[in-house]
Amino acid sequence: MRLNSERFLRDLHALRGFGAAGVGKGVIRPAFSEADVEARAWLKGRMLDAGLTPHLDPVGNLFGLAYDRSLLLGSHSDSQPEGGWLDGALGVIAGLEVARASVEAGGPPISVVSFQDEEGRFGVTTGSAIWSGQIALEEADALSDHEGIGFGDARASMPGRAETFVDPDRFTGFIEMHIEQGPVLDQANDQIGVVSGIVGIRDMKITFGGEQNHAGTTPMALRKDAFQALSDFNTRLNDRFRNVITPRTVWTIGHVNLHPNASSIVPGRVNFSMQWRDADADRLLHLERIVRDTASELAEERQISLEFGPLLGLDPVAMDPGLRNALRSGAERVAPERWRDMPSGALHDATNVSRLMPVAMLFVPSIGGISHNFAEDTAEEDLVAGLRVLAHAVGCLGQ
């Protein structure tokens, strides 16, 4: 298998052109946006050129299928509302280059995928979650984004969708190449990370309903201020998590919608996202109990209403030993003494796919540990090193 690193980098930069924004190499390409639709049409053409058969499934997952049962490579090509050029896109284009090089060399069949809505515009890794059976299509169609647009309506607007899903039995396993999105490899001057496991995640929306009132005439003691409830919730949660968490446990209140959001009105309602991640499923459940108990206690004390949205999430996943060892072999050959085994603190499509087949993941460094940011970047020599490790693993597995 002879890789064409220039072709690989050229395709990676071409994909960046769909939704290019901001300074540097920023990208705005949310799921089902115009840029996302155009990017998938371009990817479909590149898959055809590589000798693969494109299949855009009912929810927008784009597969490039090999002629026979095969290993599946890829990631996602949608972006955060303000994202970088490599998050997800790297795994798709690296998979495409390996598949194309394998076809040219008469090597083993390789298929490629770009999953839809990994970045969670509508849920948690929505496209791969539906394909893997993590969430039913009917349930997913009822999900909505922060602007109230439904997933069912969004996918219906995407042209060229097939009526059927790809049969997972076509694939022997899945390898996802990705940027680390953290500082470990960059700070250690390592070039490759072979992922040992992926953390679990829980995500839900919470609403406190207070009482909207005049900000100048309502005494503090009589207020039912929804924002003060949120502030108190955050403080109590941090305190109560302290004796439960590990250094790798993380939690985030990341999206807040305050109503009516005016300077002279006591806020009457606040809706916010609550997310937590950990590598232990039991700890995730313990944290959920703390979240629910703390919110309920606070709502009773302040005499305000409380609503919990659906709990979304995925359990922690260990990587398949066979696939992982193939990646370790490639890392040792390409970057001797500059690679490491490491966990993933970020969520990936591989978590969902693990329900269907063996999975493994490969990381390359993120400069400064920056991701989900226009400044996200990786040195091109590290991108190519990751591509070579992936190709080596595919060669080992195809023997």
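Visitor: What volume does the second largest pocket have?
Guide: The second largest pocket has a volume of about 260 Å³. This is a predicted model, in which local features need pLDDT of at least 70 and side-chain atom pairs count only at pLDDT 80 or more, while totals for chains, interfaces and linings use all residues. Residues are numbered from 1 along each chain as its sequence is written, and side-chain values use heavy atoms, leaving out hydrogens and water.

Visitor: Which residues lie nearest the centre of that pocket?
Guide: Q134, I135, E139, L311 and L312 do, out of 14 lining residues. Lining residues have an atom within 4 Å of a point of the pocket.

Visitor: Which element gives the largest share of the lining?
Guide: Strand β14 does, with 3 residues. Both α4 (126-132) and β14 (312-314) supply at least two residues each. By class, the lining has 9 nonpolar, 4 polar and 1 charged residues.

Visitor: Turning to helix α2, which of its residues are buried?
Guide: A35, D36, A39, R40, W42, L43 and M47 are buried (under 20% relative accessible area; exposed means over 50%). Seen down the axis of α2, the buried residues fall within an arc of 165°, so they line one face of the helix. On the other side, E34, A41, L48 and D49 are exposed.

Visitor: What covers the buried residues of α2?
Guide: The cover includes α1 (5-16), β1 (53-56), β2 (62-65), α3 (89-105) and β4 (110-115). Just after α2, G51 takes a positive phi of about 85°.

Visitor: And α8, which residues are buried there?
Guide: The buried residues of α8 are A226, A229, L230, D232, F233, R236, L237 and F241. Their directions from the axis fall within an arc of 165°, so these residues line one face of α8. They pack against β7 (200-209), β9 (250-252), β10 (256-259), β12 (269-278) and α9 (281-302).

Visitor: Where is P260 found?
Guide: P260 is in the loop between β10 and β11 (265-266). A cis peptide bond joins H259 and P260, with omega about 5°.

Visitor: Is F32 buried or exposed?
Guide: F32 is buried, with a relative accessible area of 10%. This residue is found in the loop between α1 and α2, and its phi is near 70°, a positive value in a residue other than glycine.

Visitor: What about N189, buried or exposed?
Guide: N189 counts as exposed, at 53% relative accessibility. N189 sits in the loop between α7 (184-188) and β6 (192-198), and has a positive phi of about 60° although it is not a glycine.

Technical notes
On a 1 Å grid over the protein atoms alone, a cavity is a set of points where a 1.4 Å probe fits but cannot get out, and a pocket is an open set with protein on both sides within 12 Å along at least five of seven lines; lining residues have an atom within 4 Å of a point. Grid points are joined across faces, edges and corners, and a volume is the space filled by probe spheres set on the points. Helices (H or I, at least four residues) and strands (E, at least two) are DSSP runs, numbered from the N terminus. Ala, Val, Leu, Ile, Met, Phe, Trp, Tyr, Cys and Pro count as nonpolar, Asp, Glu, Lys and Arg as charged, and the others, Gly among them, as polar. Buried means under 20% relative accessible area, exposed over 50%, partly exposed in between (1.4 Å probe, protein chains only). The arc is that of the directions from the helix axis to the C-beta atoms. Contact means heavy atoms within 4.5 Å.
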